[in-house]
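Subject: Structure handover

Hello,

Here is the structure I said I would pass on. My notes come after it.

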Amino acid sequence: MIHFKKGTAALLALSLLFSLAACGGGDPVPTTSATPQPVPTQSEEPEPEDSTEPTMPPVPLVPWGPDQVVEHLFFHPVIAYPQWAFHDCPSSQSQKEGLDDWMVTVEEYNKILQSVYEKNYILVSMNDVWSEVTDENGVARMQRNTLMIPQGKKPLIISFDDTNYYDYMLEEGFTSKLVLGSDGEIWAECTDPYTQETFLTQDLDAITILDKFVREHPDFSLNGVKGCLSLTGYQGILGYRTQNDIDIGENDPARPAFDANREKERAAVRPIVQRLKETGWYFGSHTWGHINLANSSMERIQRDTRRWAEEVGSLVGETNILFYPHGARPDGDHDQGENYGEQFKWLQSQGFRIFASVGISSYSQVKKSISAVICDRLHPDGTTLRGGRNGKTLQQYIQFYDCREIIDLESRPNLGVTWSW
Ligand SMILES: [Zn+2]
């Protein structure tokens with residue numbers, strides 16, 4: 001059993017020793033003589049206890065094994081101004097209903113975070129849940145790891161698709177970009193659609209809201225992990241227009257000005273990426289062009305993947321996580337086992353190992369004949385908050401929250417629900 005006690009260096013060092021012993025895979029029972037004991041010396045005064053810090057009982061870490069499900073929820077950017085997004089903005093009715101289908105509002109998101117926290121979930125990283133191991137014959141395969149998590153907690157992955165701050169979102173009541181505040185923290189830039197006033201906030205953006213939530217509830221995160229940001233590239237990343245425009249040729253008179261502006265945007269986003277990484281965020285690919293991988297030609301997929309590496313990977317670093325746009329999977333789906341197509345094999349050859357789709361549960365499957373894992377994510381959004389077909393999603397999400405208590409029917413368009421009280 002590993003115990004951590006806040007603020008006591010000696011105990012922490014000791015627990016690290018125990019931790020190494022416990023995970024070493026050797027003799028699981030340490031002998032008394034081999035266990036280091038802290039020996040207080042007479043010349044050293046014991047450190048006085050910091051009386052302002054409440055004494056927390058040590059929380060034992062317990063294993064969460066490979067056969068236990070790690071839940072996975074994903075969000076799109078959250079709607080900062082619901083009245084604007086659903087009703088007042090000049091977008092078409094079908095566009096507004098798209099927002100209703102695929103997004104949650106800030107208020108709904110806050111309630112969801114609070115609920116999963118109260119239900120004892122703790123955020124973990126996809127890179128800790130699965131990793132690649134190479135056997136003695138040099139064959140690499142993905143494996144589901146055993147996580148060590150505080151007793152009573154359940155691991156949860158959260159990912160965020162399309163954290164690019166697309167042009168259309170800026171017109172429909174979302175925040176417009178991430179920035180680094182003078183306090184060194186991540187803030188979101190936002191323009192009030194009614195007054196056109198631009199300001200910085202941490203209360204209207206999914207990323208800064210989660211940062212704040214973990215600051216206030218550190219036990220919601222294992223080792224400070226937050227979430228995975230799934231990025232396309234066609235309108236840059238994180239609100240910065242870092243994309244190339246290949247229609248502007250080398251000798252085009254517009255090229256120098258375009259390049260200068262693009263370089264400025266790339267320079268501006270780098271410290272944001274850096275700070276996000278320092279504070280528990282990590283990145284995955286959502287393809288450059290948000291393409292449907294299940295019905296795109298190999299040539300298109302290859303071109304798209306290279307472009308993501310050049311324009312996005314060059315800023316956020318390499319990733320082995322691919323989030324399928326539209327949930328469309330080129331991996332032969334669940335039932336077909338090891339029967340997957342050329343596109344999937346090629347994407348795997350480019351370094352992708354974790355392939356995430358969308359489903360009705362946090363299903364995952366480690367492939368046996370190729371180093372890859374496929375996994376599904378649940379999707380808190382209008383379609384599931386409204387109950388889905390026959391109110392089924394009420395039960396599918398009840399372990400996280402009661403969608404009847406989350407959905408903001410006063411802000412959302414009047415499209416009905418399929419659940420009942
Ligand atoms: Zn998407």
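Below is what I found in it, from the whole chain down to single residues.

This is a predicted model: local features need pLDDT of at least 70, side-chain atom pairs count only at pLDDT 80 or more, and totals for chains, interfaces and linings use all residues. Residues are numbered from 1 along each chain as its sequence is written.

Overall

The protein chain has 13 helices and 16 strands. Helices (H or I, at least four residues) and strands (E, at least two) are DSSP runs, numbered from the N terminus. Of its 421 residues, 36% count as buried. A residue is buried if 20 or more other C-beta atoms lie within 10 Å of its own, exposed if 12 or fewer, and partly exposed in between, with C-beta atoms placed from the backbone. Among contacts with a separation of 6 or more, 69% join residues 24 or more positions apart; a contact is two C-beta atoms, placed from the backbone, within 7 Å.

Core

The largest nonpolar core contains 89 residues, and V78, I79, V124 and L156 have the most contacts inside it. Such a core is a set of buried Ala, Val, Leu, Ile, Met, Phe, Trp, Tyr and Cys residues joined through C-beta atoms within 7 Å. Leaving aside neighbours within four places in sequence, V78 touches M103, V104, T105, V106, Y109 and A206.

Helices α4 and α7

Y109 lies on the α4 side of a helix contact, where Y109, N110 and L113 meet A206, I209, L210 and F213 of α7. Six of the residues in this contact are nonpolar, one is polar and none is charged. Here Ala, Val, Leu, Ile, Met, Phe, Trp, Tyr, Cys and Pro count as nonpolar, Asp, Glu, Lys and Arg as charged, and the others, Gly among them, as polar. The axes of α4 (residues 106-118) and α7 (residues 206-216) come within 11 Å and cross at roughly 35°. Axes are lines fitted to C-alpha atoms, for helices over the stretch in contact, and angles run from 0 to 180 degrees between N-to-C directions. The crossing is right-handed, meaning that the near helix is turned clockwise from the far one by less than a right angle.

Sheet β8-β9-β10

α7 also lies across β8 and β9, at about 140° to β9. Helix α8 (residues 255-278) packs on the sheet too, touching β8 and β9, and its direction makes about 80° with that of β8. The sheet is open, with three antiparallel strands in the order β8-β9-β10; strands pair if DSSP finds at least two bridges between them. β8 (177-180) and β10 (198-201) are the edge strands. β8 and β9 (residues 186-191) share four bridges, and L180 has I186 as its bridge partner.

A356

A356 sits in strand β14 (residues 354-358). It counts as buried because it has 27 C-beta neighbours inside 10 Å. Its contacts beyond four places in sequence include S159, I321 and R377. R377 is 21 residues away along the chain, with 7.1 Å between the C-alpha atoms.

Regards
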